[in-house]
Amino acid sequence: MSDISARVHELRSLENLSAGQTAVHRLHPLTKLLSAIAVIVLVVSFGRYDFSRLAPYMFYPFVMMALAELPYKLLLSRVLIALPFCLFAGLSNAVLDRAAAFSIGGFSVSFGMLSLATILLKMYLCVMAALILVATTPFFELTAQLRRLHAPMVFVMIFETTFRYISVLLEEAHSMATAYKLRSGNKKALEMRHMGSFAGHLFIRGFDRAERVHAAMRCRGYSLVHIPTARRRLLRRDAIALAAVCLPSLLLRFVTFW
Amino acid sequence: MADALLSPAVGLTMCAVSAAAIGVSVAKVNNDEFGEKKIPIMGVAGAMVFAGQMINFTIPATGASGHIVGGILLAGLLGGVPAFLSISAVLAIQCLFFADGGLLALGCNIFNMGVIPCLIVYPLIFRPLLKNGLGTKRLSAASLASSVAALELGAFCVVLQTLLSGITVLPFGTFAALMLPIHLVIGLVEGAVTSAVLAFVYKVRPEIIGSAQYGKRIGVFSMKKVLASLAVLTIICSSALSLYASTNPDGLEWAAGKAMGKSSGAETELEAAGGIYDGAASLQGKTALLPDYAFVSDPDNAAGTSLSGVLGAAAAFMFAGAAGLIISKAKSRKRANSNV
């Protein structure tokens with residue numbers, strides 16, 4: 001159950017990164033959002049065997065991480081979470097699609113292997129694009145941007161409260177789990193038959209807490225209608241950054257260089 | 001579901017469908033006089049599901065460990081629409097901060113794990129089973145049946161979305177035969193845990209479950225209309241996007257080649273030289289240094305594919321890595337200078 005505290009740490013480490021002061025961090029959140037989406041959609045639109053045409057997109061994660069001074073190791077470890085399902089699909093391609101595509105020095109590469117490599121590269125690029133977005137944009141700026149884009153108030157609000165309360169409830173779950181462990185004589189995990197009262201207690205605690213939170217918010221004058229959102233203008237540097245990401249990406253997608 | 005296994009057409013369609021479902025649900029909550037009060041509860045409940053997913057428990061007699069997903073659980077505690085909004089927020093956070101799925105796959109994930117349990121299975125299976133009153137046994141039966149149904153439907157949608165995207169070559173039958181039994185087992189475990197949690201909450205605080213099941217139904221929309229409009233939206237988006245995709249030959253050339261049972265890409269492309277392919281291929285030929293993956297002098301030479309591809313990819317990796325390294329070095333030197 002140590003993974004609970006590990007997750008709290010994971011969550012906070014990304015949030016801490018987003019407080020950086022580099023040029024990438026200072027960009028308008030919309031710029032970062034649009035460039036992440038552009039890269040993801042373009043990368044995903046490549047065909048099953050387009051490994052070599054996808055390779056140049058590696059510039060995006062490498063250059064962005066360097067410019068934003070993000071630690072390579074931390075982000076790489078996150079990529080591994082997304083691995084299992086993609087690996088399953090990719091490996092099944094490698095097993096089923098055995099026709100040889102080409103050979104390098106006597107070692108023949110099948111179409112299946114090519115598509116496995118393509119899936120893994122796509123996965124890496126997509127995950128990195130999302131991680132770079134949140135590692136360079138503080139959460140409150142992200143939600144402010146969602147409000148500016150006229151996302152439904154209610155949804156943004158739920159998104160925000162969920163995010164804020166994850167670490168609170170994770171800590172609560174962690175201390176409950178520790179208490180359970182100490183009383184249960186070296187058990188590694190919860191028994192399934194105890195799950196009902198365990199999760200039930202967690203939920204009732206959370207429910208009561210939510211009502212107290214809501215009462216406290218109302219006492220301080222909260223209402224859904226008037227949530228101030230700071231205006232932020234797109235500057236010239238935003239246009240340049242967006243062009244620097246999108247133009248080469250589009251070019252690489254629609255023109256074949258090799 | 002992950003970005004890497006999706007085509008843009010499938011991914012964007014599912015994003016549009018899920019966004020529409022969120023829009024309708026938000027409108028429902030807005031129309032409810034107690035809706036605003038429920039927002040913090042929805043947020044905290046989302047965080048609760050998140051925390052609940054972190055708790056691993058051992059499954060008796062197997063030694064395996066599992067965790068809950070929580071769609072039906074949350075629907076039982078809050079009602080379908082609020083539960084859907086909570087789950088969507090949780091999935092969005094997992095996608096952004098924990099690299100679960102991806103931004104483009106978020107639409108699919110919200111559909112498979114949010115729309116299906118909370119907006120389809122819950123009103124069609126869970127609620128009808130509790131129509132004649134609450135009780136521990138009825139709650140258990142309803143949670144078990146709906147959890148299994150939700151997970152099976154969700155798994156089936158994952159299979160469909162993956163196959164429609166055309167990234168894997170797994171045949172439909174094999175893929176479904178792999179996914180569905182696994183999710184049947186997961187569904188049974190999930191159902192057992194869900195019924196235990198709901199029974200516990202019902203014992204301790206019956207009013208929470210009572211108000212979710214029998215309270216004033218939120219909203220003025222009928223579910224049938226919502227589902228019908230979601231279906232229409234799916235059809236419009238997917239046909240518009242696939243129209244675009246079919247003028248865009250890259251991925252399809254290979255798929256078509258596969259369908260014709262040819263092993264070599266170069267051969268099938270010569271055969272598949274239809275109108276669209278012709279135009280695209282001539283454009284590609286004009287713009288490419290090594291057109292269509294092969295040496296210009298000898299279009300049948302498969303070595304061209306390997307040589308240009310491998311060299312190009314290797315060069316790209318090296319340049320990208322070097323660019324990153326140089327920027328990092330320059331930055332740290334600058335920092336060292338400014339510290340002196």
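**View 1. The largest nonpolar core of the predicted model.** This core comprises 166 residues, and those with the most contacts inside it are Cys126(A), Ala129(A), Ala130(A), Ile132(A) and Ala173(A). Helix 8 of chain A (residues 111–136) gives the most to the core, with 19 residues. A nonpolar core is a set of buried Ala, Val, Leu, Ile, Met, Phe, Trp, Tyr and Cys residues joined through C-beta atoms within 7 Å; buried denotes 20 or more other C-beta atoms within 10 Å of a residue's own, C-beta atoms being placed from the backbone. Helices (H or I, at least four residues) and strands (E, at least two) are DSSP runs numbered from the N terminus.

The model is predicted: local features need pLDDT of at least 70 and side-chain atom pairs pLDDT 80 or more, whereas totals for chains, interfaces and linings use all residues. Residues are numbered from 1 along each chain as its sequence is written, with chains lettered from A and ligands numbered from 1 in the order in which they are written.

**View 2. Surroundings of Ala130(A).** Beyond residues up to four places away in sequence, Ala130(A) touches Ala36(A) as well as Cys95(B), Leu96(B), Ala99(B), Gly102(B) and Leu103(B). Contact requires C-beta atoms, placed from the backbone, within 7 Å.

**View 3. The contact of chains A and B.** Chain B supplies 93 residues and chain A 94 residues. On the side of chain B that touches chain A, helix 13 of chain B provides the largest share, 17 residues.

View 4. Strand 3 of chain A (residues 190–191) pairs with strand 1 of chain B in the parallel sense over two bridges; pairing requires at least two DSSP bridges. Leu190(A) has Phe57(B) as its bridge partner.

Methods: A residue is buried if 20 or more other C-beta atoms lie within 10 Å of its own, exposed if 12 or fewer, and partly exposed in between; C-beta atoms are placed from the backbone. Two residues are in contact if their C-beta atoms, placed from the backbone, lie within 7 Å.
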